[in-house]
Amino acid sequence: MKAVITVVGADRVGIIAKVSNKCLACNVNILDITQHVVDEYFTMTMVVDTAASTIPFTELVDTMTELGKEMGLVIHTMHEDIFNFMHKI
Amino acid sequence: MLEHYDILETIQMLKEEHLDIRTVTMGISLLDCAHEDIDVFCQRIYDKITKSAEFLVPRACDIEKKYGIPIINKRVAVTPISVAAAACKSSDYAKIAATLDRAAATLGINFIGGYSALVHGGFTNSDRKLLASIPEALSTTNCVCSSVNVATSRSGINMDAVAMMGHIIKDTAALTADRDSIGCAKLVVFANAPEDNPFMAGAFHGVGQPERVINVGVSGPGVVRSAVARAGDCSLSELADIIKKTAFKVTRMGQMVAHDAAQALGVPYGIVDLSLAPTPAIGDSVAHILEEMGLETCGTHGTTACLAMLNDAVKKGGMFASSFVGGLSGAFIPVSEDAGMIDAARGGVLTLDKLEAMTAVCSVGLDMIAVPGDTPAETLSGIIADEISIGQVNHKTTAARLIPVVGKGVGEEAEFGGLLGSAPIMPVHPQSCARFIQRGGRIPAPTTALKN
């Protein structure tokens, strides 16, 4: 099952590293990363595969949200269907 | 391939623009619960409702977590009670309302609709019993919602029922006077009531519906307003297109959740109601969309035209987004549940007469209108009759949810709380229509009803 992790907030050292490490810890495979920094404002979207995740999806959502709070960023983790339904016919 | 921009747009809709699923409503048929002993009937409906919807709230919460999209309300709608209880010998229908309330509490839902009667052609004995019980039922329960369909485009208008509803609303207001007559906020008078409306207070499970069904109501006034704001000073042609595309995206969420909920609960998917339904929260107002379209204040000249365009664009976009569209499906203009409407009414710009014109082009009707507590029953009936006539002649659903707030007058406000919001008391015309209402009888169906 694919999910989309989005990270938004003030740029700082180590964002991609920390989020990737969290994915690694949960055995979540990263399929695609898009990332921009505009005027010190960081946004990243990661498409991940959670099929082999060691934790339930709802727990992954909470884990990533907490990680975001620790770094002063907003991290959302959402099922890919929500994007597929909205932007594709 | 998911585009970065599309992902951020979705997140913004959900997190900043109040995109949500307004309700997941399970419709449940009570037709097989009939029994002449009202206590047996009550036990049967309690068992059927609580068993059918046992997992409605937990499964809906799972879907919220899975997609990160809030599902604000989980509700139940049942067969109109005047139909389901027709075999009961007893007249104590308030007991049935108490049972529905108890079932709602067991399930953890906030409203249960269907304490209803369909009297557009005339009254059955059961209809009369139900109507007589409405004031007591709504004043002694928390979650029960009631509706009465008094007209269809094919049957005409039951003006005896319209006259009765004026008195029933007054009695309900009196019995809930200590709470700003909130009982009336749970009572709707309809023309052409839909069988599959997921929104309260008018939801009921029509007699043509299956055993159980899942109907979903989406909501995105904030999303539409943001899209209109971003469009700047474009032409109306471009604006209509932008609203249509935005409505498509909003309604797709409803389609997705409806499918998921139906699967999770093992219940057929019914419809998505694509209505733009506001809440009192800032940024969630239909009136503010109209103002963003170019009106200084909602209710001024041009309001009906803006609303007509908005309503039509929402329907066009929403229709393409879902397999089945139903319910009310248009723009809601409930005065107490919309921050912009509240301000416009308070300022005297949005009047009852203008609201009546607006209902000709959008979906709900005269909704959550607080009027002075001393408004005569016949005047309430006259307001209802006007609204019902618009629906009947134009082959659309219209409704009236009027609240004569006991002890309050123009310049004061009623406080209902939560999603029901607060409402400034609006003035009504003092000239009487009592002689017209007291004539009674039926207004025949219009010529346009003869479509064969």
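Which residue of chain A forms a salt bridge with B:K65?

## Basis of the model

This is a predicted model in which local features need pLDDT of at least 70 and side-chain atom pairs count only at pLDDT 80 or more, while totals for chains, interfaces and linings use all residues. Residues are numbered from 1 along each chain as its sequence is written, chains are lettered from A in the order in which they are written, and side-chain values use heavy atoms, without hydrogens and water.

## Interface of chains A and B

B:K65 forms a salt bridge (a side-chain nitrogen of Lys or Arg within 4 Å of a carboxyl oxygen of Asp or Glu) with A:D62, the closest N and O atoms being 3.2 Å apart.

In chain B, α1 (4–15), α3 (56–67) and α9 each supply at least two residues of the side that touches chain A; helices are DSSP runs of H or I, at least four residues long. The largest share of that side, 10 residues, comes from α1(B).

In total, 24 residues of chain B are in contact (heavy atoms within 4.5 Å) with 26 residues of chain A.

## B:R252

B:R252 lies in helix α9 (residues 236–265) of chain B. Leaving aside neighbours within four places in sequence, B:R252 is in contact with residues including A:F85, A:M86 and B:A321.
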